Amino acid sequence: MDQSVLRLSIHRMGFLKTAEKFLVEEVLDTSDALIRLNRKDLQAIIGRGFRAPMPDISEFVRRAESDLRILESIQTAVLHIYDAVYPPQLREIWDPPYLLFCRGEIPPMEHPLLGVVGTRYPSGQARKAAFSLAMEAGTVGLGVVSGLARGIIL
């Protein structure tokens, strides 16, 4: 569980680049170790300075613990690049996602997928249309992929 909290905490650290998140995870093994980081330590790990005030890392951990409970309640898995089910195509890109969130089954690599991209401010009609399209695609065997960004979420 602590590895999940650590990864979700690091994921919440939006001021870090993806590669820097991987560096932090390589150095730290628990969320307690993450909380104990000071500005100088974090800058040494990521190899750069930053001007913004040092964030309250304990708040990232508190929110990550809440995230984990929510994800479990909605049966959503968290996939990390080192997990066997992490899509191999994503491992090959220049800046792979630090974490992926997945509901349902991950289809085999050769299985066709439908990517859903929407607007951040959809109308009610657009939400219904996206949901209907995704449901229909799923019932005929297409895997549906969504970035789960703000807006149309499937």
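User: In which helix is D67 found?

Analyst: D67 is found in helix α5. Bear in mind that this is a predicted model.

User: Is D67 buried or exposed?

Analyst: Look at the relative accessible area. Buried means under 20%. D67 has a relative accessible area of 18%, so D67 is buried.

User: Which residues does D67 touch, not counting residues up to four places away in sequence?

Analyst: D67 touches L8 and R12.

User: How far apart are D67 and V27 in sequence and in space?

Analyst: They are 40 residues apart in sequence. C-alpha to C-alpha, D67 and V27 are 23 Å apart in space.

User: V27 brings me to helix packing. What describes two packed helices?

Analyst: Two numbers do: the angle between the axes and the distance between them. Here, take helix α2 (residues 18-27) and helix α4 (residues 39-46). They pack at an angle of about 110°, and their axes are 9 Å apart.

User: How are α2 and α4 oriented to each other?

Analyst: Angles of 65 to 115 degrees count as roughly perpendicular. α2 and α4 are therefore roughly perpendicular to each other. The crossing of α2 past α4 is right-handed.

User: Which residues make the contact?

Analyst: From α2 come E20, L23, V24 and V27. From α4 come L42, I45 and I46. Six of the contact residues are nonpolar, none is polar and one is charged.

User: How many residues does the largest nonpolar core have?

Analyst: A nonpolar core joins buried residues through side-chain atoms within 4.5 Å. The largest here has 29 residues. M13, V24, L34, L37, L42 and I46 have the most contacts inside it.

User: Which elements give two or more residues to this core?

Analyst: They are α1 (2-12), α2, α3 (31-35), α4, α5 (57-73) and β2 (99-103). The largest share, six residues, comes from α5.

User: What is L42 in contact with, leaving aside its neighbours within four places in sequence?

Analyst: L42 is in contact with M13, F15, V24, L37, F50 and M54.

User: Now a loop residue. Where is the place of I81?

Analyst: I81 sits in the loop between β1 (76-80) and α6 (88-91). Its relative accessible area is 14%, so I81 is buried.

User: Which residues is I81 in contact with, leaving aside its neighbours within four places in sequence?

Analyst: I81 is in contact with F22, Y86, R91, P96 and Y98. For a view along the chain, pair I81 with H11. I81 and H11 are 70 residues apart in sequence, and 13 Å apart in space, C-alpha to C-alpha.

Key. Residues are numbered from 1 along each chain as its sequence is written. This is a predicted model: local features need pLDDT of at least 70, side-chain atom pairs count only at pLDDT 80 or more; totals for chains, interfaces and linings use all residues. Side-chain values use heavy atoms; hydrogens and water are left out. Axes are lines fitted to C-alpha atoms, for helices over the stretch in contact, and angles run from 0 to 180 degrees between N-to-C directions. Helices (H or I, at least four residues) and strands (E, at least two) are DSSP runs, numbered from the N terminus. Angles under 35 degrees count as roughly parallel, over 145 as roughly antiparallel, 65 to 115 as roughly perpendicular and the rest as oblique. A crossing is left-handed if the near helix is turned anticlockwise from the far one by less than a right angle, and right-handed if clockwise. Contact means heavy atoms within 4.5 Å. Ala, Val, Leu, Ile, Met, Phe, Trp, Tyr, Cys and Pro count as nonpolar, Asp, Glu, Lys and Arg as charged, and the others, Gly among them, as polar. Buried means under 20% relative accessible area, exposed over 50%, partly exposed in between (1.4 Å probe, protein chains only).
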